[in-house]
Every structure is written in C-alpha cells, then in structure tokens.
There are 2 protein chains.
Amino acid sequence: MTDPVADQLRDVLDGRWIELRQRARKELPAELMLAPAGLTTEEHRDRTTESLLKLAEMGFGRAGFPTAFGGELDYAASCVLFEMQAFGDLSLLVKTGVQFGLFGGAVARLGTERHHATYLEDIMTGRLLGSFAMTEVGHGSNVQALETIATYDDSTKEIVIDTPTEGGVKTYIGNAARDARMAVVFAQLVTGEGEHGVHAVLVPVRDEDGNPLPGVTIGDNGPKGGLPGVDNGTFSFAKVRVPKANLLNAFGDIDDDGQYVSDIDNPNRRFFTMLGTLVRGRVCVGGGSGASAKKALAIALRYGATRRQFAASEDQDEIVVLDYLAHQRKLLPRLAKSIALSFAQNAVTERLQELQGGPADAERDVEGQRELESRVAGLKAVTTWHALDTIQACREACGGAGYMAENQLTQMRADVDVFTTFEGENTVLLQLAAKGLLTDYKAMWGDLDVPGMVGKVAGQVGEFIVERTTGRAGIQRLIDAATGRDDETATDSLAWAGSMFEQRADHALETLGNRLRKATKDNAFELFNNAQDHVLFAARTHIDRCVLEAAVDAQQGMSDGPAKDLLERVLILYALSSIEEDKGWFIEHGRITTARSRAVTASVNSLCQELREQSTTLVDALGVPEELITAPIVR
Amino acid sequence: MTDPVADQLRDVLDGRWIELRQRARKELPAELMLAPAGLTTEEHRDRTTESLLKLAEMGFGRAGFPTAFGGELDYAASCVLFEMQAFGDLSLLVKTGVQFGLFGGAVARLGTERHHATYLEDIMTGRLLGSFAMTEVGHGSNVQALETIATYDDSTKEIVIDTPTEGGVKTYIGNAARDARMAVVFAQLVTGEGEHGVHAVLVPVRDEDGNPLPGVTIGDNGPKGGLPGVDNGTFSFAKVRVPKANLLNAFGDIDDDGQYVSDIDNPNRRFFTMLGTLVRGRVCVGGGSGASAKKALAIALRYGATRRQFAASEDQDEIVVLDYLAHQRKLLPRLAKSIALSFAQNAVTERLQELQGGPADAERDVEGQRELESRVAGLKAVTTWHALDTIQACREACGGAGYMAENQLTQMRADVDVFTTFEGENTVLLQLAAKGLLTDYKAMWGDLDVPGMVGKVAGQVGEFIVERTTGRAGIQRLIDAATGRDDETATDSLAWAGSMFEQRADHALETLGNRLRKATKDNAFELFNNAQDHVLFAARTHIDRCVLEAAVDAQQGMSDGPAKDLLERVLILYALSSIEEDKGWFIEHGRITTARSRAVTASVNSLCQELREQSTTLVDALGVPEELITAPIVR
C-alpha cells in the first residue's frame, strides 16, 4: 500500500524535521486534537483549556524555551510543531500559540533571567496561564501608538499600569476572558525623565480562584467568526501597581536609581527590535494556515476522485468530478501552491533558528534579522490568504457536503479567517515587506511609522537593495542552463518560469524605487499613497520569487527519479498559474508575447490534466495525519 | 440631514418597487429580523421558526401565490421582499425561502387547483410547514439522475415512494429536521407503462405531534458552516403510500385509467420545463446575496471612514483608513459592482414577472423563458460569488473588530457561503448559462445532460445565437455617440468600457462556438472538457455585459444632475475594474494597447480616490435599513 514516490515527496516537504514531524503525526492523538462539531462556546472553551494542559503535560510546550529553565531552545521545532498541530482543531492551536508562543515567548525573549527563573517552568507546564496584551481598541496595526501607560513610581519602586481612555482598552486578547492569571501588558513607559516608548510589563490579572484582581476589569469579546474555543477578551487597568521587577527588561530597564537605561538609544529602533524578537509568531501563523490548506485539499481531492456527477452519455456511468477540467482548475493549482509554499515556510523556519537559536543573539545579525522579518511578514500574508482562498475553494468543490460541519472544512475556514488579521494585518504586512526591500533599515526607515511610509523619509528613498534570497542558487543554475533567450525557452519549464518570476519582482521593485524617490516633504503622503497598489505588487511578487526559489532549491537537491520529476511538474504548475494570473502585467511590460501568454494558459490546463492522475500520490505526500481526517465524505 | 443625491440614487436602485421596498424598510421589525449572536443551534432554530410564523401572520408570505387562493400573484414582489429580508438574519431568510418559495412555490406551480385549494392558504399562513425534497446524497447538480422512485399502484390508486439506495436518501433539505409536516418529493415516476422521468409528489412526513409517519425516516444534518437557524435534514422512504392526487400534475399526470399523460412528450423537455418554473428560487438567491454584500459594504465603509491608523508625521492625527488607496481598492470597486449588479437583478426580476406573472403561462414564451433561465443562472453565480468575496473583504477591512460576531460580518459570510452551492452550484450554473447562449434550446440541447454538454450534441454545436439583452439600447447609444474608434475614446468613459465589454463577450462566445463545432461523437467529452475554462469565461463575460447594459440603461433614464453623474462614475469604476482584472485577455486579443492597459489601472486608482469622497452618499443610497445595522463599530 505504500507509495514510494509519495514517501519521498513527503520527506522533502518535511524538510530537516522528518523525525519531528513523524513523531508529531504519531503522538498527537486525534481525541485530543479534534473537537467535535456543534459544541457550545463554553463547552469548546472547556475542552480547549483541558487539551492545552494535556499537551503541556506531554511536553509539547517546551520546544521554544531556554534549556537552562527546562526548555529545548529549538525555535524551529516549536514552529514545526505548531504546523503539525494545525492539522487538528485550530482553537487548540491558537490557545497553545497564545500560551507558549505569545505569552511564554514574550517572557522568554523580552524578559531576563529573573523572569525566566520565576515563570518559565509554570508557563511550560500550564500551571501559569497567561495573555499577551498588546492590541487596544484604538490601536491594532499601529502598535507604537498604544495608549496604556506604565508610570514608574520611584517612591514605591512600582510601575503603575493605567488605561486612560476607551481607545486604550486591551481587546481581542487570547486567554483573557477566562483563563489568564497574568498578562504581558504592552504600555508606554514613563519615568521621571519622560517617555521611553512601548515596553512590556508582567501584570497579574486574576487571583487563584479566577477573580479579577483589584483595578483590573476583564471583559469577554463574546462570539466570534471562528476559534470558538479561544477565550478572547478585554483588559483595562485602573492604576494597577506591580513591582519594578515585572518590567520585561531585556531591551530597556529602570535601574536602582530610578533611571531608564537601554543599550538601544533610539526609541523607535528599540521598539522594533523588541517586536522583531517576536517574529516567530508570524512564522507560526503562516505555517499553521499552510497546514490547514493542505488538510482541506486532502479532503476535497479525495472526495473529487470518488464523487461522480453527470454522464457523458446515457449508457455510461457518471463522470468522476475531478476529471472535469473546471474541477481540476479549482484544486490543482492551489495544491501546487501549497506545496511550493511549504518549502518557503521551511526556509524561514530554518533561518529563524539560525538567527535566534543561539544564546545571546538579539543584536548579532541585525541585517539578517531585518531580512527575516521582511520575508516572514510577506510570507505570512501570502500564505494566510492562500489558505483562506483554498479552504473556501475546497468547500465549494465538495458542494453541499462541504457545508456540513462534519466534513471539517467550514470550521477550518471560519478559524483561518482571522489568521489574515492577527499577528499583523496582511495588507500592512505586505507593505512592511516592501519597506524591508526598499531601503536599509538602520539608515533611513528606522524612525518611520510602520507602514505609513511618509514624513521624515521624504526624499531619502530610492537606494533600494534587493534582499539576499536564500534559495537563489538552484533556480539561477536552471535559468543559466536554459538557452539564454526567454523567447526560446519552453513555456512549460522551471527555467523560463523562474526567469519570469525574477523579472517581475525586479521590475516591480526598481520602478517602485524610482517612483518613491520623487517624494518631497510636501507631496510625500500623496505620492506614497498613490503608489500603494504598486507597493503591494512589489511585495507580493518578491515573495512569489522567494517561494519559487526555496521550492526549486529543495527540488534540485533531490536524487533523480520519479519523485523529483513529479515535484518539478508541480512547481511548474505553481509558477505558470501565477504567471497566468499576472498575464496582463507580463504582456504590458513586454516580458511575454501574446502567443506565449496563450501558451501559458494551455500549459496550465494540460498540467492540471497530467497531475490529476497523480492526485493520490500528491495528497499522500502532504502528510496530513490520517486519523485527523474524519470527514465522512472521504472515509 | 437628508441627502438628495443619495435619495435619488436609492430610488433608481429601488427600481419599479420604490414603494414596496420603502414599506419593507419600515415594516420589517429589527427584533424579528435580527438574531442575537451566540445562540445555540436549538435556540436559533426555535427563534427562526417563530419569526417565520410572525412574518406569515404579517402577510409577507402571500406575494408569490395565485390571487384565487389568497395570494397576490406578484412574483417580482416576492423576489423584492426576499432581497429586503436579506438585510436581516439569513437563517430566517432561507427558512422563509424554503416555506414560501420552494415548498409553496412547487405546490403552486407544479401543482394544480386541487392542490392549491387544499394547501395554499395553510402554506401562506404557516399552518402547514413543508420541505422541498429534491437533492439526494448521490445527486446534487445532476437532478435528472435522482434515485427516489414513485411507483404508481393502479390497484389502490396510490403512489408508492421508495428510497432504493443510500445514494437516494434526500439530504440538506430545509425544514426537514424539525418542522416539516409535508414534503414535495422529487422522484422517478413509474407506471405500468414504464418510466416517465422526475416528477414531484406531495408526501406527508410527520403527524400533528411532529413524529415521523410510518415508513418515513428523518435525520438531522446537524451543524453546518452557517445558517444555524435552518433545520436541514434527510428523508428516506420505505414504500410510503400516498393517494394519486398527491402527484403535482401541472406538467404530467396519471389519468383515471392509470395511464400517464402529459402535454410535453419529450421527458427531458418536460423535466426542464418543470425546473424552469422554479427559476424564481435562483432570482431570489442572487438578490438575497446581493443585499448581504450591500449591508457588509455599509458597515465596512462607515467604519473605514472613522477608523484611524498611522499618522503621516508625528505632529499629525492618524489617517482615516479609507483615505488609504489600498483600503479604497478593497472596498470601492466592490461597492461599484454591487450597485451595477442591482440593476441586473431588477431587470431579471421584472422579466420574471412578465413571463410568469400571467394566469396561463407555462408555454407562452418558450424562448423568453429559456433566455431568462440562462440569464438567471449566470447572474446567480456571479452575484453569490461577488457577495462572498465582498463580505470577506469587508470583514478584513474591519480588522479584528470585523471578526467579532457583534459586528455582523462573520455570520453573514458563513451564511452566504452556501448560496454559491444551493439552487444550483455556481460552476454548473455558469455552464448552463453558456449553453443557453450557444444554441437553440429546443433544437439541439433539449435531450442533453445539463451541463455535461457531451454526447448527442456532438457535431451539432456552432450555430450559436447571441441572447437578446434587455438593456442594450442605452449602452449602444453611448457607444455610437463616441468617436467610433476605440483608440480615440477616453478610457475613463462608459462608451469605451461598454465597447470593451461587448467585444470581450462576443469574442469569447464566437471562439467558443468555433471550438465546439469540431466535436464528433468520439472526441466530444475531451473537446468539451478541454474547453471548460473557455465556457466559464464566455458565460461570465456575457453576464458582465448584461450587468453593465442593465445598469447603463437605468442610469441613462435618470434626469440630468449630480445623482446621474455620480452613478456614471460608479459604473465606470465597475467596468474598468472588470477590464483591469481581464487586462491580460484584452491585450492578448489586441483589444487594448499596453498604454491603454496602464491607463485603466490609473483610472481605477483615481476613481477610487474620487468616489471615496462620496462614500457617505453611496452608502446611504444602498438603502440598508438603519435599524438592521447594529454593529457597534458603526453605531
């Protein structure tokens, strides 16, 4: 029954973490990972908290924490486990993400030893449940403008946390409505000397019995579009006092004399450095949504290969729906993109570990960190939108059956929806990615609102740099090996598609740079704003290129054989589908002729028909744990 | 406070039914129309049934029924009321649609006086709740292949309803799981002479206490992706006997001698004629989803005009998010499309009344009926996808707040999802629309599987006809009045855009005809299947043209002034956005130059910025009842 091609493809998709993923496939039990359909909100919340504690008990919370305090300091592993968990109930995924990733991650990376020694063991075991209280009613994307105030009172050596306005109420905070005993509260730090920008402070929010502590008002966000098992809520603070030691002080501290001290003088740089250490959350969200898309595809492709509808003529059986080109076009380019995205996801996961996995790392490779942040921002946007779009296409491809909760698609879609918003709103993230490409962080953009892209920078933009891309060698070899003239290379080839991806991304970025260079203090907002669609295009096409490069790199590294050949065909389908979507741009910019443009569409169609024959192998290769696919339509 | 431009636009959008819509806005009370968030499934079902009965009591169920039996025989009014109801809870909408439209509509239009006299009053008052039992586990789109059997037993003058296999179980049937006392069951009718194809039979399914009748097994489909207040369920029948009189006999009957009789000899034509009388369901679904999109836009546009994020520089306020081009691009082209679609919706609603509103109509205008069915099929697909996409864009545009159930967007999106599937799966419907365009119904396609498009037709296709389109005069005048050369007309004009829409649709259809003409018996499936993306393109572009024509027709009929001018700008944005999406096609086919293509994008951007200034007026004009917008983010 085993399919060696599927096994080999699954291994290459598993990347450096074959063993870890296999273990997760075996050890994450379905009865824990799946929530039955039709639970009430309270039942779902109960169940999610219980499952979180069981996962903690099994040790699944330890991967991302320092070894000195019982962790494994393997950020890559924590991201990979997050991906694997995303094959199950996404409420549980997000709940664990809040506890171990956001809350625990902030204590680990923004705090210092005094916090680690006191809290990390309890966080990893789930004895201390906590929240990551950043977003406020008035401030989602523009976190620098948070209104919560943390005023240092030197007379008592305490920090006073206060919510001055309605707009400063913390909201959508996971773990807040029911479970959190403590919160990492992001607030404007003020000392006698003045304001120091946003910092994080540990604030106890409930007593042992779960009652809000004095001065802390806790609300419940109530029913949401999805993630019913996550207790999102609100916090507001009425001059709540905590000891000075509760300041998470890795990047800024108050010394014994009540003076603010920091290694990073520029408050903006300090803020973005703090945020940067939290990039793992975005890596995880991208990976988790990518896994969801794979599960949806596994369900829809299997169903499509058995469901019949309409006969070619009266004396024949009805036709299997996946044999219809329209059905193939719905599912197979999305499958190809899912596979391609996996390699890009593996690449950023690996890079994260390289950059942050060491002991004293924060400032070690500023340029590398900046690049990673930019890449991760863009990839998170592209992957979460892909997941949302794919799960919906799969739902529709399964017809009325797809709408039944038991077939698993609708809850996934409802849950993944907000992945496009949390950990950075996608449109904002794409602009952040473009910004990372356009200019050198320290030199110019450091003091700028993200992503307003206006103001002080006017007149300075233009010396854009092209980001180093990790997987470039593989595709460059292919392109160089081709005839050298785009119009002589076959459409249906990775070399040609790779060249098109490069040209698209380069041209988008170059022309954007030229456009923004014209900014002056007076026209800056208008100029930047008018270019916003161009900014988004530049970011998206850059990510497309990174994805193809990472995927080709992995494919080129495989030993010759049918698995390598199949993956090549899949990546060509991914690339040509993307070129087809942008065919207007390619012709408009003289990169392809109209004849070539038609050839692209013809190739997409024939690749769909070709890969339809391999759909069982490809679904197998996605590595979705069999016992997590409970949809009756494919059992 | 009143805005005369908004009032005038609202009136033109209200079409011929200004008074009816105004009445609905006033009389449909919010406490009835809106369900609170966070209800359990059972609570939502209870509430929905109660609200249905109240609506019936208020007389809202009478519009679509014959006057002789207490109805108003105004199909247009019933569709318009459905649209207006769609501004409220969509579970209630669908529940009333099942009761008055599907169940009641089938009794009215497939039944005859004996059924009308016995049942209609009870249906309109809600004393008799019923189901429309068409779909089976194995047969969704291909309804002709239904497996349920209705065997006539002449010895007892009864019809025996039987479910022979698992695949023949009726499923996703609204009203089934809890409320229905009777069902219109679609089944293969068999008499002593043989099989007569699918017919509808009235079958009592529950006794007065709500218990299933002997031989009837009823199941609950359980939790779904949305529409929690609708009790979808399953029926299967074990040789259930009903009197012969229960056959809905408008198109086929069993006479006193037990002989099958029908005015329509061809069983396929008979079947499609029966289905055709039910076209109103698709008109309603399109209208209802269109209304949902408008409500979502009203919420997101109002929020976008108040929400601020990021300042241009430190000394300024944060910028209103709707001032960002990226935000405008998310919402304004979708607003423009929503407005354009309204006119097309009005046009099919009016046409429905013309064709079916008379007393003895079934065969009166076969060609007109065929055209209406084709148009409605395509428009339903285009509008429901537009609604789904728009509600999602609105959700994202409202960020985390958009994900909170209280802000109304997520439930709408979850509910509208299945509108793309029920009353005809969208991809199948687009093929049906294309089929309607390609050839004369009676002459060639009558015997063919819908939409297999293969088999008997091979070799016959090609003599396609272009559908008469109702609103053509207005746009034709504009085109004729322009310079006559496309390359000299301004991009930013309805005349040019209209000409592009025409060329796109004509060329798509012509080339499709040429392609399919090559079909032979042997290559038919392959040839049709390979052309499936072309078929979908031809249908979609045809509908786009119909939409623009209907909209221009309405706009041209307005008295000169700012409202007419504003609508013109809105329609240009709609048209140019569509051209921009297909720019690859237009350049590929030599319809626009690359310079013109760039000009289109520039015009879309500047129209977005221009119309952003009118967003309050445009939202007002959408006519969403104020008290049904309860989202706290816009109160």
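Helix α5 (residues 75-85) of chain B packs against helix α6 (residues 90-110) of chain B at an angle of about 165°, and their axes lie 10 Å apart. Helices here are DSSP runs of H or I with at least four residues, numbered from the N terminus. The axes are lines fitted to C-alpha atoms over the stretch in contact, with angles running from 0 to 180 degrees between N-to-C directions. The angle therefore makes α5(B) roughly antiparallel to α6(B); angles under 35 degrees count as roughly parallel, over 145 as roughly antiparallel, 65 to 115 as roughly perpendicular and the rest as oblique.

Which residues make this contact? On α5(B) they are Tyr75(B), Phe82(B) and Gln85(B), and on α6(B) they are Leu92(B), Leu93(B), Thr96(B), Gly97(B) and Arg109(B), where contact means heavy atoms within 4.5 Å. By class there are 4 nonpolar, 3 polar and 1 charged; Ala, Val, Leu, Ile, Met, Phe, Trp, Tyr, Cys and Pro count as nonpolar, Asp, Glu, Lys and Arg as charged, and the others, Gly among them, as polar.

A note on the model: it is predicted, local features need pLDDT of at least 70, side-chain atom pairs count only at pLDDT 80 or more, and totals for chains, interfaces and linings use all residues. Residues are numbered from 1 along each chain as its sequence is written, chains are lettered from A and ligands numbered from 1 in the order in which they are written, and side-chain values use heavy atoms, leaving out hydrogens and water.

A second pair in chain B joins helix α1 (residues 4-14) to helix α10 (residues 325-356), at about 40° with axes 9 Å apart. These two helices are therefore oblique to each other. Val12(B), Leu13(B) and Asp14(B) of α1(B) meet Ile339(B), Ser342(B), Phe343(B) and Asn346(B) of α10(B). That contact has 4 nonpolar, 2 polar and 1 charged residues.

I turn to the two copies. A rotation of 180° with 0.0 Å of shift along its axis superposes chain A on chain B, with an RMSD of 0.0 Å, by least squares on the C-alpha atoms of residues with pLDDT of at least 70 in both. This is the relation of a two-fold axis. In chain A, the C-alpha nearest the axis belongs to Gly584(A), 1.8 Å from it. The copies meet through the same surface, because 100% of the interface residues of chain A are also interface residues in chain B.

Finally, the unreviewed UniProt entry annotates residues 499-633 of chain A as "domain: Acyl-CoA oxidase C-terminal". Over residues 499-633 the chain is 76% helix and 0% strand. UniProt positions follow the numbering used here, feature names are shortened, and annotations may be inferred rather than shown by experiment.
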